[in-house]
Amino acid sequence: MILNASGCLDALTAPEAALSLDAFVTKTVTPLPRGGNVPVRIAETQHGMLNSIGLANPGLDAFLAETLPRLVMLGVPLWVSVGGFSAREYATSCARLDACEEVHVLELNLSCPNVDEAPESAAEIVAACRAATSKPLYAKLSPSAWDVAVVARAVEDAGADGLSLVNTLRGLALDERTLRPRLATATGGYSGPPLKPVALAAVWACRRATRLPIVGMGGVWTGRDALELHAAGATAIGVGTALFADPAAAARIRGELLSELKTHGLSSVSDAIGIAHDELPRVGGVTARRSTKSLDLVQKRTA
Ligand SMILES: Cc1cc2nc3c(=O)[nH]c(=O)nc-3n(C[C@H](O)[C@H](O)[C@H](O)COP(=O)(O)O)c2cc1C
């Protein structure tokens with residue numbers, strides 16, 4: 001399953017790209033409209049990209065009245081990314097979106113590096129949203145947490161149905177000549193290829209810590225990147241920054257992933273999921289293939 005990463009594709013201006021996805025994830029919607037941060041808001045760096053968009057969006061009222069009906073017309077399953085500045089704000093938005101049949105999944109953006117952190121913890125926000133909706137809830141987590149697996153376990157206990165890993169990392173780029181920050185906000189969210197090892201580590205850790213399905217994202221550019229995230233434990237893939245360089249990236253990555261599976265003698269994506277957690281077969285011995293289901297969790301609960 002291939003999705004776009006929130007904020008990296010405008011389905012209404014690039015409907016063909018959206019149609020190549022298994023589901024379209026909206027840009028994060030907040031209760032009130034936001035103009036976002038002042039420009040400059042995007043800076044390309046040597047290896048990746050910095051953004052400080054600051055959750056620019058029309059707000060939930062306009063989203064429901066104008067954007068959502070147009071997205072529904074595309075016929076692609078819809079995930080709505082929900083943002084806010086308190087657990088109550090998140091929960092109120094979830095309650096309103098709960099009434100929208102056309103919305104399949106709510107992804108809680110608990111991790112935007114360009115706005116101040118919500119005062120409540122990720123688990124408190126998830127618990128409030130769980131009480132407000134019966135729709136599947138995915139918690140999108142920051143790779144900056146000191147131990148993302150601990151946060152993942154907490155949001156699982158609070159009622160999350162899945163994880164989206166990872167959001168951007170905070171970064172800074174300086175102007176070559178002036179040595180001053182290139183973004184108006186100085187720091188911004190760092191995305192693109194350098195994020196892949198960070199995403200792999202987060203997916204790896206959360207696969208071992210929880211039973212939740214995981215959308216793996218961060219630096220996915222090729223089918224090989226997608227295969228590696230699946231191997232670390234991702235059950236679906238999100239494509240972000242690559243879509244700015246190549247709007248057809250999702251379709252290309254899907255094709256490349258199929259070739260990669262073949263090369264590795266795997267008959268389907270499900271055979272690849274979590275394979276990085278399996279022990280390698282011993283030469284001349286029997287393959288000791290452990291169950292990859294929540295390895296650490298099972299060990300801890302039975303200890
Ligand atoms: C320009 C831009 C805007 C983004 N906007 C959002 C957003 O609104 N909500 C969100 O959860 N993540 C947002 N993200 C983060 C992406 O969804 C994704 O988690 C991150 O970029 C890592 O994936 P990538 O390396 O493939 O881009 C944004 C990223 C970029 C580059």
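**Exercise 1.** Work out whether alanine 234 is buried or exposed.

Solution. Alanine 234 has 33 C-beta neighbours inside 10 Å, so it counts as buried. The cut-offs: buried takes 20 or more other C-beta atoms within 10 Å of the residue's own, exposed takes 12 or fewer, partly exposed is in between, and C-beta atoms are placed from the backbone. This is a predicted model, where local features need pLDDT of at least 70, side-chain atom pairs count only at pLDDT 80 or more, and totals for chains, interfaces and linings use all residues. Residues are numbered from 1 along each chain as its sequence is written.

**Exercise 2.** Find where alanine 234 sits and what it touches.

Solution. Start with the loop between α7 and β12, which holds alanine 234; helices (H or I, at least four residues) and strands (E, at least two) are DSSP runs numbered from the N terminus. Next, leave out residues up to four places away in sequence: alanine 234 then touches Val203, Ile214, Val215, Gly216 and Leu229, contact being C-beta atoms, placed from the backbone, within 7 Å.

**Exercise 3.** Sort the buried and exposed residues of α9, then say what covers the buried ones.

Solution. Ala249, Ala250, Ile253, Leu257 and Glu260 are buried in α9. Down the axis of α9 they fall within an arc of 80° (taken from the directions from the helix axis to the C-beta atoms), so they line one face of the helix. Turned away from that buried side are the exposed Gly255, Ser259 and Lys262. The cover over the buried residues of α9 includes β1, α1, α7, β12 and α8.

Conventions: Contact = placed C-beta atoms within 7 Å.
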